[in-house]
Each structure stands twice: as structure tokens, then as C-alpha cells.
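These are my notebook entries on one structure.

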Amino acid sequence: MAAETNVAPLAVKVMRISAPLFAKQNAPYFENGLQKVGDAAGKASFDPSIWQDVSESFGSAQSVPSTLVDAMARDASLSDIITLPPSFGAVAMGEIFSVLICVINESDRKIDGVHLQVDMQSNANDPSLMKELNLAHAPASEKSGNDSIALCALEPYARMSAVARHEIQSATPHSIVCRVRYNAELETKEAWMSKVYKFNVHPSPIQVYTTVHGSRAGALDFSLKDRERTFVQVQVQNISTKPIVIENVATADLWECEVIEHPDTECSTKHLLPNDVMQFVLILTPSDPDTIRLKSLEQLEAAPLDHREVAVAHTLGSLGIDWRIPSGEKGSWRSPAIMKRTKRAASVLCEDFAGSPRLVTQYAYQKPEKVTMLSASLIGMRIIIDDLNTLREAGRDTSWQKQIVLEAIPDTWTEMSLLGPQRIKIIPNESFTIQVVPLHDGIVRAGGMVLKLYASEDHSHSHGSRVLKKWQCLFELLAEKTVL
């Protein structure tokens with residue numbers, strides 16, 4: 001009989017690192033009530049000898065009955081033997097996949113020059129994901145590079161092992177590729193052997209829906225941080241057949257995050273049964289408001305001049321949710337970038353004025369805590385005007401700032417009276433107050449105002465003025481009845 005040739009003296013074994021489960025066994029169940037193991041024999045209606053046989057195999061997968069737990073017959077379907085899932089088990093996208101790889105010398109001689117390299121391959125269509133990623137080497141080398149791999153020797157029937165971990169980022173077939181280098185028999189020339197272990201990846205066990213809510217009011221708070229505050233409504237649904245645990249929710253970007261959830265779920269972990277839905281709200285506040293403001297101005301600057309409104313978009317960051325299947329590996333879910341889109345008034349190019357400013361306008365106001373019908377109330381206001389030209393050129397003429405006037409539109413003040421001057425000279429980006437009197441109770445609408453830029457500081461004539469912005473209703477107030 002001819003001797004076998006080209007048979008590698010090494011064997012490669014791969015096992016997924018996962019939490020074991022208790023093996024199940026058949027257990028008796030009595031329909032006439034739950035009977036404890038210790039006293040069920042005296043109450044059973046069948047032959048005591050039959051109960052003796054049941055008792056000897058009850059509560060344990062062994063032939064000796066378990067006396068450590070006062071088990072109930074209904075709950076005694078788990079034995080004291082633990083099992084591992086077949087093959088690699090179920091692997092979900094976002095889960096951290098951990099494996100133990102062993103290289104065993106199955107020959108009767110010493111094998112020199114042994115090195116193990118573990119790679120992960122995927123069929124992901126996303127170009128941002130790597131098709132092949134190196135996970136581990138054994139033995140580990142202190143130097144980097146393919147020419148500096150560490151080698152070891154394996155005695156007969158000795159083994160070498162390595163642990164590899166990888167976060168699965170696509171729901172496509174994956175492969176673990178184990179490459180083993182060793183010195184061939186009676187030769188110093190190296191030889192290689194490869195083993196490939198394929199497995200499928202299931203979709204993420206959670207499905208997430210997000211809805212972005214910004215302020216719908218035309219006028220917002222004085223603080224830029226408060227004006228840009230955004231609310232993100234998040235719904236998380238367990239679409240798997242197993243319960244899962246939500247461990248952490250966070251966002252990453254220039255926004256501070258606060259999570260609002262039901263008081264009963266304010267703990268470190270949240271449990272979701274299959275098809276359950278959990279909902280919470282994220283309050284996002286910019287940690288660097290000036291950066292958000294500059295990004296808005298850059299988008300307004302790039303917009304055509306003939307547009308009345310410009311869609312301004314901000315990236316709120318990606319939402320990250322850490323989940324775990326009970327007694328299983330941790331996983332994570334990462335959303336694409338969540339966008340906040342708002343409408344802003346387009347810029348106005350004032351070609352006939354000094355410096356030809358290109359201005360964009362926004363206003364803010366602050367209402368008093370209590371407003372009463374037929375009583376005067378002070379409303380704090382601020383007109384925010386930015387010259388987009390200053391984004392490109394420093395030291396431009398800013399004399400136009402002394403020629404800004406806010407004028408009331410007379411026919412629009414029907415539900416509220418504006419006291420004092422109907423034409424107010426303002427300084428851009430500085431606060432001022434107006435005094436109003438609601439004429440009835442309930443929701444009262446203020447009238448309109450028009451913002452003008454005059455060619456000179458003489459505002460007595462409308463000649464040489466340009467309308468920057470017109471508001472038909474500045475704000476609404478909730479006025480209470482007058483108590484007599």
C-alpha cells in the first residue's frame with residue numbers, strides 16, 4: 001500500500017465563542033396541579049414503583065436525581081448539562097463575532113516555523129467596507145509587516161490557539177480564512193495550508209425609525225443654542241424571534257444629546273420581546289452653536305439670488321444603539337447620518353448701497369410669562385442680520401448697519417395694538433423691546449412689520465430704501481381675561 005503524500009501534518013479547528021445553553025430534557029407534568037418533586041409520589045394516583053423510576057431520572061440528565069434544587073414539575077425541563085450551538089449558530093448584522101482557532105500538530109514529529117493568520121472576508125457591496133480584513137496572528141509579532149511574522153514550533157500533538165473578534169457590518173455571506181505556514185517535512189522551505197469556514201449573516205434584530213422635529217415658529221428664542229435645539233423621535237422594534245436587551249443609545253457629532261423616555265424604562269437596560277416597540281425622544285442641542293451658524297450662512301451664500309427660500313441642512317450625527325441577545329454576544333446598530341432640514345429666507349443683494357451688502361435676516365422674540373387682555377405687555381425682540389460678503393472678505397463697509405428701520409404695517413394690527421412709535425430704528429443683532437396691548441382674550445395675533453434698509457440715515461422719505469424682509473404676523477400671544 002502506497003504511503004499518502006501531500007497530507008498536511010497540521011489540523012485547524014474553529015469554534016465560535018458563545019454563551020452555552022442548558023440542555024433540555026423531558027419532564028413530567030401533572031394536570032391536577034403543580035407537584036413538588038419531594039411530595040408528588042404520595043399524591044400521585046399511579047403505581048409508586050412507576051414514580052420511583054421517574055424520580056431517579058428527574059431533574060438531571062444523569063441517572064442520579066438532583067437534590068440541589070426544590071424544582072417544580074412545570075419548570076424542570078432544563079438539565080444540568082450545557083450545550084453549544086451547532087456550527088456557528090445565528091449571526092446577526094452588527095453583532096460582535098468571536099471565534100477560537102486552534103492549530104494542532106497531528107503528526108509524530110516536531111513541526112517548525114508555524115504561524116497562523118486569520119482573515120475575515122465578506123461579499124459586502126458597500127465600497128466603504130473592506131472585502132478582506134486581517135483579524136489575528138499567532139504567535140503575535142512585536143513588529144509590523146509581512147516579513148516580520150513570528151514563528152513557533154509545535155511538538156507532536158501540541159496545539160496553538162488564537163482568538164479573533166470582528167463586528168459584522170453587512171448582512172452578506174462571510175468567510176473565516178485560516179492560513180497556516182509551516183516548514184515541510186525534511187525541508188526548510190515553507191509550506192502553506194488554508195481552511196475556509198463560511199457562514200451566513202442575518203439582518204439586525206432591531207428596526208429603527210427616526211423622525212426629526214425642529215421649531216416650526218417663525219421667531220425663536222434669543223439664544224442660538226435654543227433656536228437650533230432639535231427633537232428626534234426614535235422607535236426601536238424587535239423584529240427577531242428572540243428577546244433582546246437595549247443597553248445604550250447615543251449620538252456622535254457637534255450636538256449634545258439628552259434622552260427622554262418612559263419613567264418605567266429609566267434604567268441601564270431595556271428589554272424588548274419579539275415585535276415589541278420602544279419609543280423615546282432625543283433632545284439635541286449644538287455644543288458649538290457658532291459652527292452651526294457658519295454652516296447655515298455658507299449654504300445661504302451658495303444659494304441663487306432669485307430664490308425666496310433656501311433649504312438649509314445640518315448633520316445631526318449618526319444614532320448608535322447597543323443591543324444584546326440574552327446570554328449572547330453584544331451587537332450594535334448604526335444609522336446613516338440624520339439630517340435636519342429647515343427653510344431660511346434667501347439673501348437680498350443691495351447693489352445701490354455702500355459696500356453692496358448681501359443680507360440674510362432672521363428675528364427672535366421673548367414673550368412674558370403672563371399676558372392679560374387690555375393690558376400692556378413688553379415683548380423682547382432681536383433682528384439678526386448677517387452680511388454674507390463678510391464670509392469671504394474682511395474689513396468691508398458696515399455703515400449700512402446704521403440705516404436699518406423696522407416699520408409697522410398699519411392694516412395688519414387688528415387684534416393687538418402696537419404702542420409708541422410705529423417706525424423703530426434698530427441696531428442689527430442687538431435686543432430691543434416693543435409694547436403691545438391684546439384687544440381680546442385667547443390666542444391673539446400680532447400685526448406685521450417690514451424691515452427696510454435706507455440709503456441714508458434720513459428715514460423721513462421712502463426714496464432710496466430697500467425692503468429686506470416682511471412679516472405678516474410677528475408672533476401670537478395667549479391672553480387671559482381681565483379680572484375686574
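Is Lys-330 buried, exposed or partly exposed? I find Lys-330 partly exposed, because its relative accessibility is 47%. For these classes I take buried as under 20% relative accessible area, exposed as over 50%, and partly exposed as in between, with a 1.4 Å probe and protein chains only.

Entry on the model. I am working on a predicted model, in which local features need pLDDT of at least 70, side-chain atom pairs count only at pLDDT 80 or more, and totals for chains, interfaces and linings use all residues. Residues are numbered from 1 along each chain as its sequence is written, and side-chain values use heavy atoms, with hydrogens and water left out.

Entry on the whole protein. I looked up the secondary structure and got four helices and 30 strands. Helices (H or I, at least four residues) and strands (E, at least two) are DSSP runs, numbered from the N terminus. Of the 484 residues in the protein, 39% are buried.

Entry on strand E28. I looked up residues 448-454 and found seven of the seven buried, so strand E28 is largely enclosed by the rest of the structure. In a regular strand the side chains alternate between the two faces of the sheet. I note Gly-448, Val-450, Lys-452 and Tyr-454 on one side of E28 and Met-449, Leu-451 and Leu-453 on the other, all buried. For pairing I require at least two DSSP bridges between two strands. Strand E23 (residues 404-409) runs antiparallel to E28, with six bridges, and Val-405 stands opposite Lys-452. Strand E29 (residues 465-471) is also antiparallel to E28 and joined to it by six bridges; there Val-450 stands opposite Lys-470.

Entry on helix H4. I find 14 residues (289-302) in H4, with 20 Å from first C-alpha to last, close to the 20 Å expected. The expected span is 1.5 Å times one less than the number of residues. Among the buried residues of H4 are Ile-292, Leu-297 and Leu-300.

Entry on salt bridges. Side chains of opposite charge can pair when their charged atoms come close. I count a side-chain nitrogen of Lys or Arg within 4 Å of a carboxyl oxygen of Asp or Glu. The whole structure has 15 of these.

Lys-330 pairs with Glu-247 at 3.8 Å between the closest N and O atoms. Lys-330 is in strand E18 (residues 330-334) and Glu-247 in strand E13 (residues 244-252), 83 residues apart. Glu-247 is partly exposed at 21%. I also find Glu-247, Arg-324 and Lys-330 linked in a network of salt bridges.

Arg-293 and Asp-386 meet at 2.3 Å, N to O. Arg-293 belongs to helix H4 and Asp-386 to strand E22 (residues 377-387), 93 residues apart. I get Arg-293 as partly exposed at 32% and Asp-386 as buried at 11%.

Glu-407 forms a salt bridge with Arg-423 at 3.1 Å between the closest N and O atoms. Glu-407 lies in strand E23 and Arg-423 in strand E25 (residues 423-425), so the pair ties together parts 16 residues apart in sequence. Glu-407 is buried at 9%, while Arg-423 is partly exposed at 42%.
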